[in-house]
Amino acid sequence: EGFSSVKCFLSLYRFQACVYFASVFQAMSCGIHYLASVFMAVTPNFVCGFPGNVSSVLFHNSSASSIEDIWTLWTSTENYIVVQLENGEIWELDQCSRSKREVSLDLTYEYKGNKSVFPCSDGFLYDDTKWKSTVVTQWDLVCDREWLAKLIQPTFMLGVLIGAVIFGDIADRLGRQRVIWFTSAAQFVFGIAVAFTFDYYSFVIVRFLLAMVSSGYLVVAFVYVTEFVGIKARTWASMHVHAFFAMGIMIVALVGFLVRTWWVYQIFLSIATLPFVLCCWMLPETPFWLLSEERYEDAQKVIDTMARWNKVSTPCKVSELCSVQKDDLASDRTDDDETSSAKKHNILDLFCNWQIATRTITVWLIWFTGSLGYYVFSLSSVSLGGNEYLNLFLIGAVELPCYIIACVAMDKLGRRNTLIPFLILSALICVLIMFIPQDFNTLIVLANMAGKFSIGVAFGLIYLYTAELYPTIVRSLAVGSGSMMCRVGSVVAPFCVYLRSVWIFMPLLLVGIMALLSGILTIMLPETLGKPLTNTLVEATEMGRNKKSCSEKTPPAHSGAELEKIEMFGQERVSTDK
C-alpha cells in the first residue's frame, strides 16, 4: 500500500512531484551545514611551540629529526616530547606548557633535575597527518581557548533554534514561497562566506546566520511539501525529506575524507546548494496558504497550473469553496470567541484551550527528545573507534532504511502507534549499550546504529505528525515552535556529550529517560492517519475528542475537507478521465 502511494504520487501528481523533488534537494544542504563542524572543528594532536630550530627529537625510546616523525607514536595527551635545539637547549613540550631543562648535557627522555616552566608564547605545533588545517589549528582553539572550540556547535544550534521560530512565523504571515526563496539564496551566500572569515568571532557570527537560514528553510520546506502533496502520498513525501537530510550527512563524511583543509572543505560543501538556488524562484505558493489569506484568484492560478501539468481537463474551482469558507468562518465567530480567520497569529494560539495546550506540551517534549537523541548518537559516532569518516557515513546511511520502515508502519499502524514503540525502543537500546563491554567495539558501533535508527524514526515522524495535528493558520508556527524545542535539544546535545568525562554513560542515561517519558505521554495524542488537514483551531480541537463529543457539537469541518480536494483533485479527475 505504501509503495503504491508513491507510485500514485509520481504518476498522477506530476506537478507536485516536480515541486517536491526540487524542494527536498535543498534539504541536503541543511544536513551538510548541521554536521559540518564534526570535521571542520577537529582538534588534532598538538604540543607547545619552541623558540628556535630543532636538531633532534626524542619521544620515549624513539628519536627523530623532526616532530612530524613523532606523531605516529603519540598515544595520549599525557605524553610529552623532548627536543634539542641547535643552540644546545633542551625543552620538554607538553600540550599546554613547556619546560626548559636547566642542565642540558645529554638528550634523555627522563630528567630529574631543575626545570623552568614557560607558557606557549610561541604558539603550538599540530599533527597535520589527517587534517592540513581546521578552525582549531587556524586560531589556536586549544588549552585556555578550548572552550571556544566547544561552543562552535552549540552556537550554531542556537542560530537554528532562533531561525526555526522566526522563519516559521514569517512563513505564516508572508507565505511559504518567499521564505524558501530567501533562505535558499542565503544558505549559499553564508556558506561561502564562512570559508573566508578572518577570525574566530566572524566565523561564529556568519555560521550563526547560516544556521538561522538553514533552519528556516528546513521548517518551511516540511510545511510546503505537506500542503502540496496529496493525502495518499503525504507520509512518504514528508518523511523522505529526512532522507535527503541524511544524504547531506553522508556527503559531509565523503567530502571530509577527500578534502583536509577546512575552508576548502566548507566551499565544496556549500556548492551543493547552488543548483537549487538557480531554480527555486520557479516554485509557486501553496493553495492552502493563499486560501487562508483569502487570495482566491492567486490560488486558482496555482490550481490551474497544477491541472495543466497533471493533464486534468476540469480542475477544481476555488469559487466552489469560497462560500463554504465564508460560512465556516462566520460560524466560528458566532460559536466561539477565537477567530481562526484572523490575519495574525502568535505562539499563544498553540495554547488557546486545554486540549491544544496539552497537545503542544507533549509535542514539544517529543521534539526535544528526538533532537537530543539524534545529535547525541550523531556527534558520538566519530569517537566510537575505527574510521571516523566511515562511522559518520554509516550514521547517516542508517537513516535511509529507517524512514522506509517508518512510512510503512505509519500507514499501517498510524502515527501515534508507530511513535510510541520506537521511543520506548530507543530508551531500551540506551540501557543495553551500558552493559556492552568497552572492548567490544563492533558491537558498540552496531548498538549505536540501532539507537540512531530508532530515534531517527521518532525524529522523522514528528515533523509530519505536528503538521497534521495543527490547522493551516498556525501550522508553520506549530512546526517552527516545535523545531525550536528540537533545537534546544540540539544545543544541549554537545554539552550532554561532554558529560562523558563525568560518567561515560551519562549521555545515554539522559536520552533513555527522556525517550521513555516521551513515549508514555504520546498516548494522549490523537491519531491523524487518513484524516484531512484541518483549517481552523476548532477543527483541530475536535480531532482529539471522541465521537460522542463530536456529535454534540459539530465543528465546521467542511473547510478542511474542502481544502483537501485541492490535494486530491489530480487523482480523482485523472481516474475519471481514464
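This is a predicted model: local features need pLDDT of at least 70, side-chain atom pairs count only at pLDDT 80 or more; totals for chains, interfaces and linings use all residues.

Colleague: How many disulfides does a search of the whole structure find, and what is the pairing in sequence order?

Modeller: The search covers the whole structure and turns up 2 disulfides. Number the bonded cysteines of the protein in sequence order, and the pairing reads 1-3, 2-4.

Colleague: Take Cys48 and Cys120: which hand does their link have?

Modeller: Those two are joined by a disulfide, with 1.4 Å from S to S. The angle about the S-S bond is -50°, and the link of Cys48 and Cys120 is left-handed.

Colleague: How many residues apart in sequence are the parts that this pair, Cys48 and Cys120, ties together?

Modeller: Helices (H or I, at least four residues) and strands (E, at least two) are DSSP runs, numbered from the N terminus. Cys48 is in strand S1 (residues 46-48), while Cys120 is in the loop between strand S7 (115-118) and strand S8 (124-126). So the parts tied together are apart in sequence by 72 residues.

Colleague: Is Cys48 buried or exposed, and what is its relative accessible area?

Modeller: Buried means under 20% relative accessible area, exposed over 50%, and partly exposed in between (1.4 Å probe, protein chains only). Cys120 is buried, at 16%. Cys48 is buried too, with a relative accessible area of 0%.

Colleague: And why is the disulfide of Cys96 and Cys143 called left-handed?

Modeller: Their sulfur atoms are 2.0 Å apart. This pair links distant parts of the chain, 47 residues apart: Cys96 is in the loop between strand S5 (90-93) and strand S6 (98-101), and Cys143 is in the loop between helix H5 (135-138) and helix H6 (146-150). Cys96 is partly exposed, at 43% relative accessible area. The disulfide is left-handed because the torsion about the S-S bond is about -95°.

Colleague: What does Phe203 touch beyond its neighbours within four places in sequence?

Modeller: Contact means heavy atoms within 4.5 Å. Leaving those neighbours aside, Phe203 is in contact with Met40, Val135, Trp139, Ile152, Val194, Thr197 and Trp262.

Colleague: Where is Thr183, and which residues is it in contact with, sequence neighbours within four places aside?

Modeller: Thr183 is in helix H8 (residues 176-195), and at 0% relative accessibility it counts as buried. From Thr183 to Leu218 is 35 residues in sequence and 9.3 Å in space, C-alpha to C-alpha. Leaving those neighbours aside, the contacts of Thr183 are Phe167, Val213, Gly216 and Tyr217.

Colleague: Which residues make the nonpolar surface patch of about 570 Å²?

Modeller: Like charges are joined within 9 Å, nonpolar side chains (Val, Leu, Ile, Met, Phe, Trp, Tyr) within 5 Å. Ile504 is in the loop between helix H22 (475-498) and helix H23 (506-521), and is partly exposed at 31%. The patch is made by Leu499, Val502, Trp503, Ile504, Leu509, Leu510 and Ile513.

Colleague: Last one: what share of the protein's residues count as buried?

Modeller: The protein has 26 helices and 8 strands. Among its contacts with a separation of 6 or more, 77% are between residues 24 or more positions apart. Of its 578 residues, the share that count as buried is 59%.

Conventions:
Residues are numbered from 1 along each chain as its sequence is written. Side-chain values use heavy atoms; hydrogens and water are left out. Patches are made of residues with over 30% relative accessible area and no salt bridge: like charges are joined within 9 Å, nonpolar side chains (Val, Leu, Ile, Met, Phe, Trp, Tyr) within 5 Å. Accessible areas come from the Shrake-Rupley method with a 1.4 Å probe; for residues, only the protein chains shown count as cover. A salt bridge is a side-chain nitrogen of Lys or Arg within 4 Å of a carboxyl oxygen of Asp or Glu. A disulfide is a pair of cysteine sulfur atoms within 2.5 Å.
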